Amino acid sequence: MKCEHCDIVDRNTKAQILYEDEEVLVAVKDVVTTPGQITVFPREHFTILEMVPNKILQKCSIIANKVGAAVFEALGAQGTNIIIQNGLGAGQKVPHFSIEVIPRRESDGLNFQWQPKHLAEDEIDLVLKLLKEEADKINLKEELKKERKEVLEQISKNGKEVTVKDPETKTEMKVEQKNKEDYLLKSLRRIP
Amino acid sequence: MSRELSDSLSNLAPEQRKELEEKLKKMSPEQLQELQKQQCIFCQILAGKVPSKKIYEDEVCTVIIDINPASKGHLLIMPKEHYAIMPQIPEEVVGHLFLVCKHLSKALLKALKAEGTNIFIANGPAAGQRAQHTIIHLIPRKEGDLVLDLQEKLFDEEMLEKVKGAVESKLKEVLGVGKAVEEAIEEQESKKKEVKRAEREEDHTEEKEIIPLHRKRGPGEEEFFITSLTAKRYHQERCAFAQNIPADKRIVFAKEEASKSGLKPCTCVTGKKIHLKTTESKIRKERKKTKTKTKKQPLERHKKQSEKKHQKQHQKQNENHTKKHTKKQREEQLQKKEGFVSLDDIADLFK
């Protein structure tokens with residue numbers, strides 16, 4: 001495989017692994033912009049951000065946030081940058097989705113600033129229209145509910161108990177997956 | 001809070017500055033937070049006081065178009081609550097923000113036909129953060145535009161090892177995994193053990209105080225005495241006679257009333273002898289057995305003068321006595337006395 005990040009998972013390169021998990025890896029690579037740059041990426045191979053499932057994305061982002069917090073003390077950084085390069089036009093060099101955490105100091109030599117452009121109001125309104133149409137289709141709540149239902153259905157086949165957190169009420173519910181047949185069988189046994 | 005306020009303070013005259021600083025010290029943290037919200041532009045945008053172009057709104061976050069964009073379609077995603085930097089934000093909110101980014105980048109790729117998107121977060125002024133509110137930048141990209149160029153270089157293995165050594169332990173502490181957590185658990189367990197040990201030692205010391213052994217106490221030390229209705233004498237607490245009295249029939253009285261009672265004191269009270277219960281007497285006997293029976297030699301100064309003289313004479317005699325024992329020595333001595341002659345010499349004359 002040409003993918004560097006998959007090679008890191010298989011331990012074929014010189015990269016140093018800091019933290020490993022079933023789903024996520026944290027490692028330091030050879031080819032970086034500054035010493036101290038840390039990459040966080042999922043174990044499975046996803047090329048771009050849109051292909052990564054919701055759960056894994058959430059986990060990666062939480063871990064990247066904590067890496068950023070740890071770097072302040074450990075490397076004596078005065079600031080951090082978190083960057084995702086998504087797509088060839090954005091400068092993605094490895095076809096494996098990853099989040100980069102870059103520690104910064106004042107006299108670095110690095111400059112991520114961009115020159116702001118001046119756009120006319122017509123263009124801005126066009127952009128507004130187009131994006132609003134697409135954004136209205138987004139419904140995160142329903143997506144998360146669907147995923148949860150699928151998980152419950154899988155578990156109901158096995159017949160186990162599951163604790164589920166309701167985001168609305170913020171309480172834990174115990175969902176007992178009892179099959180209907182058990183109830184009927186019990187009622188049969190009661191009849192003398 | 002300090003940066004924005006200090007910038008605004010620097011514009012004021014020194015007198016007004018002093019007044020404001022005094023006010024700030026007196027205010028509570030809640031009031032300080034409200035001040036921050038008034039100063040923060042983005043909090044005002046989110047509240048609706050400043051006009052802006054919103055694209056998506058949620059319970060947790062909102063998305064607006066940037067006024068000074070890097071390219072067409074530059075979006076800003078920010079949480080509704082005011083946080084200064086990302087590490088302060090709770091986990092659930094962070095996950096939610098990134099999911100929103102994912103959906104919006106999909107929309108950008110569709111609607112504006114971009115070739116790629118960049119997600120950019122700056123924590124701290126050294127990283128390029130200009131506002132006091134955490135913002136996620138979502139920038140659509142095309143090849144050749146000079147927006148975010150990360151030029152990569154090759155580094156040595158030493159650098160990698162240094163970074164790993166510095167960051168690994170702190171990371172695991174933050175994530176709640178690994179040796180740091182195990183060490184913390186060990187500390188807790190050791191603390192629990194120490195607490196248990198301390199409790200046990202306290203119990204032991206209390207027991208020791210209750211049973212004072214072998215040490216005799218004079219009549220002046222006791223505070224109270226024990227008798228019964230039909231007794232003729234009164235006893236100390238640790239006396240075996242007192243311990244045999246059942247609790248119902250015990251009478252306790254203080255030292256001062258002893259003379260008024262008309263009872264005689266037991267030998268334990270007078271100090272001559274104590275009758276202890278079996279356990280204590282056994283311990284005393286064992287101690288006597290373990291003691292070695294060596295005669296104590298009296299000291300020299302206690303000896304009488306005649307005894308000292310005798311000893312000296314004995315020593316001299318012993319020295320001489322050893323010489324007399326051998327035959328040769330006897331003969332020599334005899335020869336020395338008054339010209340003694342041997343019989344062998346005389347036998348030649350009589351022949």
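A:Val31 has B:Leu154 of β6(B) as its bridge partner. That pair links two chains of a predicted model, in which local features need pLDDT of at least 70, side-chain atom pairs count only at pLDDT 80 or more, and totals for chains, interfaces and linings use all residues. Residues are numbered from 1 along each chain as its sequence is written, while chains are lettered from A and ligands numbered from 1 in the order in which they are written.

Start with the strands around that pair. β3(A) and β6(B) (residues 153-154) run antiparallel and share 2 bridges. Strands are DSSP runs of E with at least two residues, helices are runs of H or I with at least four, and both are numbered from the N terminus. Two strands pair if DSSP finds at least two bridges between them.

Now step back to the whole contact. Chain A brings 63 residues and chain B brings 66. Contact means that the C-beta atoms, placed from the backbone, lie within 7 Å. On the chain A side, α2(A) gives the most, with 14 residues. This side holds 32 nonpolar, 19 polar and 12 charged residues. Here Ala, Val, Leu, Ile, Met, Phe, Trp, Tyr, Cys and Pro are nonpolar, Asp, Glu, Lys and Arg are charged, and the others, Gly among them, are polar.

Next comes an open sheet. Its 10 antiparallel strands follow the order β1(A)-β2(A)-β4(A)-β6(A)-β5(A)-β4(B)-β5(B)-β3(B)-β2(B)-β1(B). β1(A) and β1(B) stand at the edges with a single partner strand each, so one side of each has no neighbour in the sheet.

β1(A) and β2(A) run antiparallel, joined by 4 bridges. There, A:Glu20 stands opposite A:Leu25 of β2(A).

Note on methods:
Two residues are in contact if their C-beta atoms, placed from the backbone, lie within 7 Å.
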